[in-house]
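Biologist: I would like to learn how to read salt bridges in a model, so could we go through some of them together, step by step?

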Amino acid sequence: MTFQLQRILDQAHEADVAQVHTFSKGVGAAAGRTKRVDIPDGFSARDYAIFLLHVAAEIEHGLLVQYLFAAYSLGGPQVPEAHRPLVARWQATLLGIAREEMGHLVTVQNLLKLIGGPLNLERDDFPWDIPFYPFPFSLEPLSVGLIARYVCIESPEEWPDVWAARRDEIQKIAFPGGASDFKRVGQIYDTLKALLGDKTLIADEVFHADTLSFQASFAEYGRGHSQGARGATKPGDKVPDVLIYTAYSRSTALLALSAVAEQGEASHSDAKDSAPSHFERFMELFLEIEGVTDWNPCRPVISNPRAVGDAGAVPGTNYIGHPEARVWARLLNLRYRMLLAYIAHSFRISGDHGQAEGLSRGAVLNRAFGEMYNLRTLASILVSMPADDPATDARAAPSFELPYSMNLPVLDRDVWHQHIDLLQASKGLIEQVRSTAGSGSDDYLDSLLALDEQATATFEAARRGSQGPGAVYNVGGRA
């Protein structure tokens, strides 16, 4: 092992211990309770672990987008002025949980790097994975039923005493067809911990410490989002960290899985110093929202919006018929694709192998953070525009449609070229929507174009300086 790699491992170990020491006892206890995982036909144990991590990534990605959509649906002129601070707090809570789901998604990618699996930033792609999915993917405005659904899927196996008496009632509100209609998110992490913790199934050599410099770190993604720095939604609230875990061994992988599961489903009703889990925050939202009967906290946005194809082409979706709003939605779709491409690209560039590579990684990550801001801005514009006939109240909404492919090109130069292509495509859409949503939107578009021009120059320089046509990325620390 090189001195450089040992230094990285030592630094990572210190960070991991600081983040996950509270979960270590839980890992040991869970290991004692779990049963041996049965490996399905057609899989080796390692391949099944990769498959489960792919499913976990799609679950986290799907929840992230659904939580964002629900948050963006909140607000609007129909909210009585006296209730607007309350609605703003609900939105902040949902956006905070969505950011934490991004941390979970990135952590799962780190674990895929660790055991040598391909990354996965898709969502809801495999119909044969349905037993693990919480419920069918759907973009809906916030409602009592929707929050009840989120409570159930993020719930622990045993509800805390303070809410246990309402468990059956809330499940019926969330899933009228019965509790068998959903799966808890924590179930897949329980299975993964049992599988990766079994040395008779997964050998130590499967965990590749030399992938560490390619993994996403808390220093990169979590800045400004730890120890309450993200801001509380009401006085006295404990603010959860955005969790980004690196892993370089079996034990650190198990700690990462436990931490992600803990942030989602834990019950801290007896632990006053603990930040509330997703389950607890959704439960609090449910209790507040169920009391709203004489006003609507949401804009009249359409559910399952779609901006691609023709009207009526996809059953169960609502086509954005208003021409200007539809182009704004397509612009959001494109920037969503760019965000996912930047995240995927960052895992192919080492953060510790030289100045040029470090600058490239930094440029890609900075663009990813910028696209997160762009999605929120574009969504806020969309929900104020007509969905179809301007004479009706129905508003457009972000459709978050996935691109035709999530795969990056094999060659270094072609990945940079793809980024440039997407920036050029965005420029064309920006010109189409200019002057369609007010002067404030035009000012935003001007700033976006200027930033895109800077990025294009950076990516073009990287493309010209990339390796020759026969070379590929040094992925996972190996040539």
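Biologist: Is Arg361 buried or exposed?

Modeller: Arg361 is buried, with a relative accessible area of 4%, where buried means under 20%, exposed over 50% and partly exposed in between, using a 1.4 Å probe and protein chains only. This is a predicted model, in which local features need pLDDT of at least 70 and side-chain atom pairs count only at pLDDT 80 or more, while totals for chains, interfaces and linings use all residues. Residues are numbered from 1 along each chain as its sequence is written, and side-chain values use heavy atoms, leaving out hydrogens and water.

Biologist: Which side chain does Arg361 meet in a salt bridge?

Modeller: Side chains of opposite charge can pair when their charged atoms come close. A salt bridge is a side-chain nitrogen of Lys or Arg within 4 Å of a carboxyl oxygen of Asp or Glu. Here Arg361 meets Glu220 at 2.7 Å, N to O, and the pair links distant parts of the chain, with Arg361 in helix α13 (residues 355-382) and Glu220 in helix α9, 141 residues apart. Helices are DSSP runs of H or I with at least four residues, strands are runs of E with at least two, and both are numbered from the N terminus. Glu220 is buried too, with a relative accessible area of 18%.
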